[in-house]
Every structure is written in structure tokens, then in C-alpha cells.
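Have a look at the picture first, then go through the points below.

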Amino acid sequence: MTHVTEDDLDDLEFDTLRTGDHISAARRLSELAESVSGGVSRANVLLRAGEQWQHAGDHGRAAELYRSALEDGGETYGDPRAYLADALFELDRAGEARTLLDQIRADSPRDPEVYRAVAEVLYAQGDATGAHEWATSGADVVLALRDRAVGTGMGGGPDEAPTPDADSLTPGPDDAAIAEDSLEALLRLRYRARVDLGRSEDDYDALLDDLLKNA
């Protein structure tokens with residue numbers, strides 16, 4: 001067994017950014033996944049390996065590793081189905097990809113990064129409407145957590161996608177603070193999709209303006 005920490009994985013990926021050798025990184029991570037122990041799950045390492053194969057342009061291998069991460073069932077960052085959907089879109093298997101996204105939606109995830117990941121996938125596929133809906137829902141998750149944590153917030157505009165079930169949004173000690181980190185990215189992506197769709201600015205865009213002014 002090989003003891004691996006999140007810092008070890010981060011260092012490997014940082015080196016890959018410097019060298020651009022995503023194939024070597026993917027192979028190394030795939031090897032580690034078979035013998036990992038310690039602070040990271042096998043599923044997490046498989047997911048990172050899949051990302052490296054995708055960066056290398058091998059979407060088929062990426063999809064295999066994402067599926068392995070799902071089958072493993074261990075703890076991961078985000079939702080492996082979003083990453084698998086991305087690879088499937090690149091493999092011209094849009095029907096399978098959208099089925100996965102429907103499954104994620106049905107689960108009403110509370111992690112705003114899941115919404116951001118899906119919105120980015122859809123935006124890259126030219127689906128500005130879908131990206132807008134997912135980014136809006138992700139922002140609503142953050143705002144609902146904020147509302148429960150500090151008694152303020154907004155969300156659920158009349159023409160927007162529905163906010164996930166409020167019963168699933170009770171924040172833990174750090175949930176609201178972590179979610180706030182995702183808010184700007186979600187609102188930026190939502191604004192880009194909104195521009196593409198020819199829609200006028202709304203309250204969410206005003207919130208983005210406020211965030212940027214206070215940055």
C-alpha cells in the first residue's frame with residue numbers, strides 16, 4: 001500500500017501544469033489508485049487520473065476512470081457524474097451525458113461546485129440555457145446557505161430554475177463560508193450565459209457587481 005495525502009496529489013498536479021505531461025500524470029495517478037492508503041480515497045485518485053487523461057485529450061480513458069470512481073463509491077470532490085458527462089459529450093454520447101445530468105439534478109446536490117461544474121460543461125457544449133439554469137440553481141444554493149447562516153440573502157427569482165429542497169440546505173459550521181467561495185464563479189458564468197441569451201441584467205447580476213466592487 002502507498003500512503004498518499006491530498007498535498008501529494010496537489011504537488012503532482014502542480015508539476016504537471018509546469019511540464020504539460022498529462023499522460024505521465026494520468027498513468028501515475030492510475031497506478032496510485034490501485035495501492036492508495038492514508039488520507040485520500042481510491043475514488044478521489046481515480047477522478048484525478050480521469051481529469052489528467054481528459055486534459056491529454058483521451059476522453060475514452062477519462063470516461064473509464066470516472067466510471068471506476070463512481071463504482072468505487074468512495075469520497076470524492078464534486079460529483080464524478082459531472083466529470084463523466086463532460087467526457088461523454090466529447091465522445092459524442094450526448095444522450096448518456098444528459099441522463100447523468102438529470103440524475104444529478106434529481107438528487108438536489110447541496111455542493112455549489114457541482115452546479116458550477118455542470119454549468120461549465122453545458123456552456124462548453126454551447127448550451128447557454130442549460131448553463132444559465134444550473135448556474136442560477138448553484139447561486140441559489142449558496143444564497144440559501146447564507147440565509148440560514150446569517151439571516152440574509154436572496155434567491156429563487158420567478159423565472160429561474162427551482163432552488164434545491166431547503167431541508168437539504170442546513171449548513172454545517174463551515175458550509176456557508178466554503179459555499180461563498182463558489183458564488184462569484186457561478187454568477188460570472190451565469191452572466192456570460194445571460195449575455196449569450198440576450199437577456200437583460202437582473203438582481204443576480206447586481207449581486208455580482210457588488211461582489212466585484214467589494215473584492
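## The big picture

In total, the chain has 10 helices and 2 strands. Keep in mind that this is a predicted model. Starting at the N terminus, the order of the elements is β-α-α-β-α-α-α-α-α-α-α-α.

**The chain as a whole**

- The chain has 215 residues, and 44% of them are buried.
- Take the contacts between residues at least 6 apart in sequence: 61% of these join residues at least 24 apart.

- How many aromatic pairs does a search of the whole structure find? It finds 3.
- One of them is Tyr-77 with Tyr-83, an edge-to-face pair with 5.9 Å from centre to centre and 85° between the planes.
- Are these two rings' residues buried or exposed? Tyr-77 is partly exposed, with a relative accessible area of 26%, while Tyr-83 is buried at 18%.
- Tyr-115 and Trp-134 make a tilted pair, because their ring planes sit at 45°, with the centres 5.6 Å apart.
- Tyr-115 belongs to helix α7 (residues 112–124) and Trp-134 to helix α8 (residues 128–150), so this pair ties together parts that are 19 residues apart in sequence.
- Both Tyr-115 and Trp-134 are buried.

**Charges over rings**

- Trp-134 turns up again here: Arg-105 lies over the face of its ring, 4.2 Å from the ring centre.
- Trp-53 has a charge over its ring too, as the charged end of Arg-61 sits 4.5 Å from the ring centre.

- Ala-85 is in helix α5 (residues 80–90), and with a relative accessible area of 0% it counts as buried.
- Which residues does Ala-85 touch, apart from its neighbours within four places in sequence? The answer is Ala-97, Leu-100 and Leu-101.
- Ala-63 is 22 residues away from Ala-85 along the chain, and their C-alpha atoms are 8.4 Å apart.
- The axes of α5 and α7 come within 9 Å of each other and cross at roughly 10°.
- Angles under 35 degrees count as roughly parallel, so that is how α5 and α7 are described.
- Where α5 and α7 meet, Ala-82, Asp-86 and Phe-89 come from α5, and Ala-117, Val-118, Val-121 and Leu-122 come from α7.

- Asp-92 isn't a glycine, yet its phi is positive, near 60°.
- You'll find Asp-92 in the loop between α5 and α6 (94–106), where it is exposed, with a relative accessible area of 72%.
- Ser-108 isn't a glycine either, and its phi is also positive, at about 45°.
- Ser-108 sits in the loop between α6 and α7 and is partly exposed, with a relative accessible area of 25%.

Notes
Residues numbered from 1 in each chain as written. Predicted model: local features only at pLDDT ≥ 70, side-chain atom pairs only at ≥ 80, totals over all residues. Heavy atoms only, no water. Phe/Tyr/Trp six-rings, centres within 6.5 Å; stacked < 30°, edge-to-face > 60°. Buried < 20%, exposed > 50% of the residue type's maximum accessible area, 1.4 Å probe, protein only. Helix = DSSP H or I, 4+ residues; strand = E, 2+ residues; numbered from the N terminus. Lys NZ or Arg CZ within 6 Å of the ring centre and 35° of its normal. Contact = heavy atoms within 4.5 Å. Axes fitted to C-alpha atoms, helices over the stretch in contact; angles between N-to-C directions. Parallel < 35°, antiparallel > 145°, perpendicular 65-115°, else oblique.
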